[in-house]
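Me: I should like to learn how to read the features of a structural model. May we work through one together?

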Amino acid sequence: MNKPIRVVAVFCLALFMLLLVNATYVQYVRPDGLADDPRNRRVISAAFSRERGAILVGKEAVARSVPIETKYKFQRTYPQPFKYAPLTGYFSYYSQTGVERSQNRVLSGDDSRLFVTRLVDMLSNSEPKGGNVQLTVNAKAQDAAFAGLEALPGDAQGAVVALEPSTGRVLAMASTPTFDPNRLASHDFGEVADVAEKLNDAENQPLVNRAIATTLPPGSTFKLVTAAAAIESGKYDAGSLVPGGYKFQLPESETTIGNHDGGNCGGPRITLTRALEVSCNVAFLSLANELGTEAMAEQAEAFGFNSTQLEDLPGQAKSLYPRDMNAPQTAMSGMGQSNVTSTPLQMAMVVAAIANDGDVMRPYVVDEVRAPNLSVLDRTDPETLSNAVSASTAAELKDMMVSTVEQGTATVAQIPGVEVGGKTGTAQSTEDRPPYAWFVSFAPADDPQVAVAVMVEASATARNEIAGGLLGGPIAKAVMEAVITR
Amino acid sequence: MTQTGSLMGFVHRQRRGAELFLLVLALAVGIGAYAAVGLGMEGTIPADIVGYGGWLVLLIVAAHVTVRIVAPYADPVLLPLVAALNGLGLAVIHRMDITYEAMDKPNHDFAQQQLTWMTLGVVLFIGVLVLLRDHRFLQRFTYTAGLTGIVLLLLPFLPFIGKEVYGARIWINVAGFSFQPGEVAKVALVIAFAGYLVLHRDALALAGRRVLFIDLPRGRDLGPILAMFGVSMMILVLQRDLGSSLLFFGLFLVMLYVATERPGWLVVGGLMFSLGALLAWALVPHVGRRFDIWLNPQDYYDSVGGSYQPTEALFGMGWGGLIGRGFGNGMPERITFAESDFIVAAIGEELGLTAVMAIILCYGLIVERALRIALIARDGFGKLLAVGLGSVVALQVFVVIGGVTSLIPLTGLTTPFLSYGGSSLIANWVIVALLLRVSDQARRPVPRLEPEPGGPDEEHTQVVKLR
């Protein structure tokens with residue numbers, strides 16, 4: 001019977017080897033995956049009991065941990081909660097969002113770049129501390145953006161994104177309605193659960209960062225993309241004549257589309273610059289119709305549509321320019337309607353690219369990662385994503401936008417002594433929902449320091465172009481003024 | 001009867017000194033762990049460490065002295081391994097008690113009870129070694145043991161005393177004491193299988209057909225395998241416990257294979273069990289659910305009786321990493337039954353992969369010693385008994401630790417010697433006593449059959465010389 005006993009021994013050896021290998025997998029190979037599971041309370045409890053790093057804007061902390069006499073030793077606090085909530089997100093016992101989530105490893109001290117710090121902490125037997133995250137945000141611009149949204153009539157919902165055109169740094173990002181992350185960071189978990197439930201169920205969705213997560217038809221601001229596609233096609237320049245008039249008849253259809261003011265844009269044939277100045281629907285519908293879906297889609301994608309770019313904040317929604325649109329839909333897309341949707345961030349990227357000689361930069365929020373002693377561990381380098389239009393096309397578009405502010409629909413954004421370029425937009429998704437007011441702009445024209453996109457959804461908005469400009473324009477202007485230093 | 005022990009003049013040494021040395025190490029593990037629990041949980045070495053350690057030493061020394069007297073040639077490694085595991089288990093259960101007490105749970109004296117069970121286990125261990133001087137005596141009780149085993153397995157189905165815990169019906173409740181009769185049944189069944197197979201092995205081994213290099217058994221010999229298959233399936237369907245079912249049928253197959261030396265039995269049995277398990281998975285909701293939870297743990301985390309327990313075990317073990325968080329620095333209380341079925345996860349969390357590997361290796365060594373005893377045993381019954389007892393430990397450890405670490409679907413079995421649980425602990429101490437008895441018989445020098453020097457032959461030569 002000894003031979004089968006030896007076989008049984010080998011079999012048992014295999015069983016125990018399996019157990020050893022599996023235990024190694026569970027405890028050594030897999031833990032990172034297990035630690036990232038949001039339900040893993042051990043990791044959260046440990047993170048809760050640790051001195052988490054601060055999130056800094058300029059020299060001020062917009063999120064920091066302060067010692068507290070409870071089981072968890074540290075309380076996460078947000079000194080300017082509502083203003084920065086879309087950026088910082090919240091850090092609760094149950095989950096995290098925003099920079100609190102994307103930079104969790106740095107803030108909690110687990111990041112490999114903090115290895116030396118961790119080692120020193122361990123050797124000196126002191127409590128481990130998290131690293132700090134320096135944001136790209138300009139505090140004054142953020143103040144202006146948030147104050148502007150807050151000052152809107154009624155309980156308007158809106159978002160503002162400001163970018164530095166040459167780098168892609170996010171200078172401001174605000175969204176209303178917003179929430180107080182302090183209440184979610186409380187150690188009274190019962191209350192936290194209640195607050196979270198209320199916020200999740202609220203109809204006006206305060207937890208949504210509208211600047212990056214809400215996609216809406218960009219309306220007339222998308223005419224910039226149409227104009228870019230037209231000039232890039234080589235058949236047009238800023239002075240080329242394009243169709244004006246009262247109506248555009250959609251292809252394969254009986255429907256006609258008029259201009260926002262019911263006028264004729266100043267004649268049957270107008271210059272492309274004039275068309276942008278007065279936001280002439282007829283001109284841009286016929287341009288989009290002539291260029292076709294493919295050319296329009298390629299131009300939109302060159303600006304960043306149909307993909308996501310933001311790595312520092314979770315939840316960027318894809319702005320869409322679908323390639324399966326039929327002819328009437330493509331024509332409608334020329335003025336940012338039909339199936340075209342965009343986030344405020346995406347429209348800010350379009351303007352920033354125009355202001356930056358046509359180069360699209362990856363937007364980023366995290367400027368530097370710092371050790372607890374504030375020494376810089378890592379700095380984000382600007383990254384060029386694509387060249388959306390040539391430098392000469394960009395220059396022509398810039399001039400067209402400047403003239404739109406000087407003598408077109410966007411005069412509300414004029415800043416004395418500074419050349420500003422801009423474009424208004426009003427879009428509607430369905431008849432029963434209020435229209436969205438858009439405003440995009442950049443300044444100064446000779447050396448662009450800031451590109452802004454403002455989106456406002458307000459029940460009070462009239463369905464006309466200038467009313468939209470009146471809502472978003474002043475906010476964009478305030479943000480630009482906050483950034484421009486001269 | 002082969003005389004492996006004395007072939008080529010090799011005689012096993014007693015090695016009781018080695019056993020004593022290893023026992024000192026094992027006690028250091030048990031008492032050291034108890035001290036570490038005190039340091040980690042309360043910041044001081046527990047005040048009762050002398051009393052606790054003294055009791056542990058007393059039990060182990062009593063076991064060792066018994067072995068020295070009544071089984072001097074027994075394997076010297078088994079007892080220390082078991083003592084180390086039992087001691088570590090006690091410390092970890094004590095660690096859970098402290099947390100349970102802080103959480104105001106009604107039951108937080110598991111360690112105290114476990115120590116009582118261990119005492120009872122050691123008493124039985126001593127009793128078995130003292131009273132059972134030759135394991136072949138058990139062969140007389142082949143059918144009694146078989147009947148006992150089956151009755152024990154069926155006890156949980158009786159009204160009033162049987163009770164269902166978390167969907168599996170493997171408990172009985174008598175006079176306030178809960179008992180898992182399956183734990184005792186496995187010892188009885190090993191004895192029954194060994195006794196039956198040693199008698200009928202020839203009938204089962206001979207005759208058959210060869211298909212694709214495998215000797216398949218004759219159809220009419222399928223009787224016992226079908227009977228055991230039926231019992232296993234009954235356990236699976238009625239008790240809804242895949243682990244026990246796998247344990248008993250696997251045990252039977254291994255012993256059948258060893259007795260007959262026919263791999264064909266393994267093929268037939270393996271196929272039958274796979275089919276049965278597949279059917280149960282499809283037809284018995286509880287078993288199917290366990291499978292679903294195992295395959296998609298993410299979907300069942302929040303549902304009642306879902307994957308909360310195994311997922312928390314994984315979180316805990318992952319959190320423990322290579323060297324663990326240290327006693328008192330983990331959250332093993334988040335894992336339901338961290339003191340019994342999931343004790344390995346609690347150990348993984350606070351003592352790390354290192355300790356889990358050490359434990360698996362200890363079990364591996366126990367199985368290895370058992371199979372070694374089987375190899376050198378001089379009688380067929382002893383061989384089968386040792387193989388059976390070793391396989392029971394191997395299968396049970398695989399099913400439990402594999403379940404806890406999500407290698408296989410979860411089942412409700414205890415980790416031998418570590419887990420809180422009286423029936424399991426006592427049964428396992430008896431298993432060790434039986435193994436030591438068989439090994440003492442196997443390693444003892446064979447009495448010489450030729451006449452002693454100074455017998456008539458030698459006298460005769462001397463006479464010639466003298467003249």
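Reply: We begin with a definition: two residues are in contact if their C-beta atoms, placed from the backbone, lie within 7 Å. In chain B, residues 24 or more positions apart account for 72% of the contacts with a separation of 6 or more. Please bear in mind that this is a predicted model.

Me: What is the secondary structure of chain B, and what percentage of its residues count as buried?

Reply: Chain B comes to 15 helices and five strands. Of its 467 residues, 50% count as buried.

Me: For a whole helix, what span should helix α14 (residues 422-443) of chain B have?

Reply: At 1.5 Å a residue, the 22 residues of α14(B) should span 32 Å, and the end C-alpha atoms are 31 Å apart, which agrees. The helix is also mostly covered, with 20 of its 22 residues buried.

Me: How is the packing of two helices described?

Reply: Two packed helices are described by the angle between their axes and the distance between the axes. In chain B, helix α6 (residues 181-205) and helix α13 (residues 380-404) pack at an angle of about 145 degrees, with their axes 9 Å apart. The crossing of α6(B) past α13(B) is right-handed.

Me: Which residues of α6(B) and α13(B) meet?

Reply: From α6(B), the residues include V190(B), I191(B), F193(B), A194(B) and L197(B). Among those they meet in α13(B) are F381(B), L384(B), L385(B) and G388(B). The residues of this contact divide into 11 nonpolar, three polar and one charged. As for the spacing of such positions, an α-helix has 3.6 residues a turn, so residues three or four places apart point the same way.

Me: Let us turn to chain A. In what order do the strands of its six-stranded open sheet lie?

Reply: The order is β3-β2-β1-β4-β12-β13 in chain A, and the pairing is mixed. At the edges stand β3 (74-77) and β13 (376-379) of chain A; each has a single partner strand, so one side of each is left without a neighbour in the sheet. From one strand to the next, the twist averages 25 degrees. Within this chain, strand β1 (residues 55-57) and strand β4 (residues 132-135) pair in the parallel sense over two bridges, and I55(A) stands opposite V133(A) in β4(A).

Me: Which way do the residues of strand β5 (residues 157-163) of chain A point?

Reply: In a regular strand the side chains alternate between the two faces of the sheet. Q157(A), A159(A), V161(A) and L163(A) point one way from β5(A), while G158(A), V160(A) and A162(A) point the other way. Seven of the seven residues of β5(A) are buried, so the strand is largely enclosed by the rest of the structure.

Me: Which strands are joined to β5(A) by bridges?

Reply: Seven bridges join β5(A) to strand β17 (residues 450-457) of chain A in the antiparallel sense; there, V161(A) has A453(A) as its bridge partner. Six bridges join β5(A) to strand β6 (residues 170-176) of chain A, also antiparallel, and A162(A) stands opposite A172(A) in β6(A).

Me: Which backbone angles deserve a second look?

Reply: Most residues other than glycine have a negative phi, and most peptide bonds are trans. S279(A) has a positive phi near 55 degrees, and it counts as buried because it has 29 C-beta neighbours inside 10 Å. L374(A) also has a positive phi, near 75 degrees, but L374(A) is exposed, with 12 other C-beta atoms within 10 Å. Cis peptide bonds join T176(A) to P177(A), with omega about -5 degrees, and A443(A) to P444(A), with omega about -15 degrees.

Note on methods: Residues numbered from 1 in each chain as written. Chains lettered and ligands numbered in written order. Predicted model: local features only at pLDDT ≥ 70, side-chain atom pairs only at ≥ 80, totals over all residues. Helix = DSSP H or I, 4+ residues; strand = E, 2+ residues; numbered from the N terminus. Expected span 1.5 Å × (residues − 1). Axes fitted to C-alpha atoms, helices over the stretch in contact; angles between N-to-C directions. Left-handed = near helix turned anticlockwise from the far one by under 90°. Nonpolar A, V, L, I, M, F, W, Y, C, P; charged D, E, K, R; others polar. Pairing = 2+ DSSP bridges.
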